[in-house]
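Q: I would like to learn how to read the features of a protein model from its coordinates. Can we go through one case step by step?

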Amino acid sequence: MRENRKCKGIIFDMDNTLLQSRIDFAAMKEDICRHLIGQGILTEQFPLHEHTSSTMLEYAKQAGMDRALYLTCLNIAAKHELRGMEGAGLENGVPELIESLYGKFVMVVVTNNSLSAALKALEVTGIKTYFNSIVGREQMEAMKPSPSGFTYALNQFRTMTADEWISVGDSWIDGKASAGAGIPFISYRTSMEAMMDKGVSPIAKIDHISEVKDWVYG
């Protein structure tokens with residue numbers, strides 16, 4: 001349980017936290033990498049296994065990728081995202097959780113997906129209206145693990161301080177972004193060891209999304 005802090009807001013990751021994502025992230029990453037190699041930004045020796053799509057794109061920016069090429073890469077990602085949203089379902093327990101939290105907490109989604117893909121997925125699954133804000137990559141200066149999306153959310157609710165929020169996600173990039181914004185992070189279905197290997201220190205690890213309630217009440 002949280003001690004000596006009153007939680008007022010919750011930031012959720014979307015894919016594999018709220019939604020059972022069907023996005024083929026490996027294929028997305030490979031397609032973007034292939035395009036960047038073709039454009040001479042990356043080489044065949046690029047350690048793709050060490051990166052997510054977002055960290056690869058940040059690397060490519062440092063290697064000289066211009067804005068036009070960056071947008072082309074995002075279009076590649078968007079095609080995978082929209083395809084993966086077809087028939088997407090909710091993680092077990094999500095409807096009950098957000099119904100129980102609705103009206104009691106500010107609830108926000110922060111996702112590296114395009115805003116259009118996120119809105120479509122949350123609409124189709126019937127949970128979009130429960131959230132006070134949905135932040136996609138268009139609202140970020142840089143994607144997670146950058147804290148940009150989290151600070152964008154904080155700036156929308158200026159009466160709340162960072163330690164009055166918690167965030168929940170399944171990936172180290174969620175935890176890194178959360179920490180960068182000063183928000184306590186809960187790891188969902190990913191071990192503490194895996195998180196700490198990436199320099200992330202969650203306040204807890206949960207196996208079922210309903211356990212979020214244990215950390216926002218109390």
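Q: Which residues point one way from β4, and which the other way?
A: In a regular strand the side chains alternate between the two faces of the sheet. In this predicted model, V106, V108 and V110 point to one side of β4, while M107 and V109 point to the other. Each of these residues is buried.

Q: How many of the residues of β4 are buried?
A: Five of the five residues are buried, so β4 is largely enclosed by the rest of the structure.

Q: How do I read the pairing of β4 with other strands?
A: Strands of a sheet pair through backbone hydrogen bonds, either parallel or antiparallel. Here β4 (residues 106-110) pairs with β1 (residues 9-12) in the parallel sense, over four bridges. Within that pair, G9 has V106 as its bridge partner, and F12 has V109. β4 is also joined to β5 by three bridges, and these two strands run parallel. There V109 stands opposite I134 of β5.

Q: What covers can I assign to β1: which of its residues lie on one side and which on the other?
A: Both faces of β1 are covered. G9 and I11 are on one side, I10 and F12 on the other, and all are buried. β1 also pairs with β6, in the parallel sense and over four bridges; in β6, I166 stands opposite I10.

Q: In what order do the strands of the sheet come?
A: Six strands form an open sheet, and the order is β5-β4-β1-β6-β7-β8, with parallel pairing. The edges are β5 (133-135) and β8 (204-206), each of which pairs on one side only. From one strand to the next, the twist averages 20°.

Q: How is the packing of two helices described, and what are the values for α3 and α5?
A: Two packed helices are described by the angle between their axes and the distance between the axes. For α3 and helix α5 (residues 115-124), the angle is about 5° and the axes are 9 Å apart. Angles under 35 degrees count as roughly parallel, which makes α3 roughly parallel to α5. The residues that meet are E81, L82 and M85 from α3 and A117, K120 and A121 from α5.

Q: Where does A77 lie, and what does A77 touch?
A: A77 belongs to helix α3 (residues 67-85). Its relative accessible area is 5%, so A77 is buried. Not counting residues up to four places away in sequence, A77 touches M28, I32 and R137. As for separation, A77 and K205 are 128 residues apart in sequence and 29 Å apart in space, C-alpha to C-alpha.

Q: Which residues have the most contacts inside the largest nonpolar core?
A: They are L36, F131 and V168, in a core of 67 residues. The element that gives the most to this core is α3, with seven residues. Leaving aside neighbours within four places in sequence, L36 is in contact with I41, L42, M56, L57, A60, M65, L69 and C73.

Q: How many disulfides does a search of the whole structure find?
A: A disulfide is a covalent bond between the sulfur atoms of two cysteines. The search of the whole structure finds zero. For C73, the nearest cysteine sulfur is that of C33, 9.7 Å away, and C73 is in no disulfide. C73 is buried, with a relative accessible area of 0%. C7 also counts as buried, at 3% relative accessibility.

Q: Which residues are buried in helix α7, and what covers them?
A: An α-helix has 3.6 residues a turn, so residues three or four places apart point the same way. In α7 (residues 172-180), the buried residues are I173, D174, G175, A177 and S178. Their cover includes the helices α2 (53-62) and α6 (148-156) and the strands β6 (165-169) and β7 (185-188).

Q: What is the phi of G182, which follows α7?
A: The phi of G182 is positive, near 80°.

Methods. Residues are numbered from 1 along each chain as its sequence is written. This is a predicted model: local features need pLDDT of at least 70, side-chain atom pairs count only at pLDDT 80 or more; totals for chains, interfaces and linings use all residues. Side-chain values use heavy atoms; hydrogens and water are left out. Buried means under 20% relative accessible area, exposed over 50%, partly exposed in between (1.4 Å probe, protein chains only). Contact means heavy atoms within 4.5 Å. A nonpolar core is a set of buried Ala, Val, Leu, Ile, Met, Phe, Trp, Tyr and Cys residues joined through side-chain atoms within 4.5 Å. Two strands pair if DSSP finds at least two bridges between them. Axes are lines fitted to C-alpha atoms, for helices over the stretch in contact, and angles run from 0 to 180 degrees between N-to-C directions. A disulfide is a pair of cysteine sulfur atoms within 2.5 Å. Angles under 35 degrees count as roughly parallel, over 145 as roughly antiparallel, 65 to 115 as roughly perpendicular and the rest as oblique.
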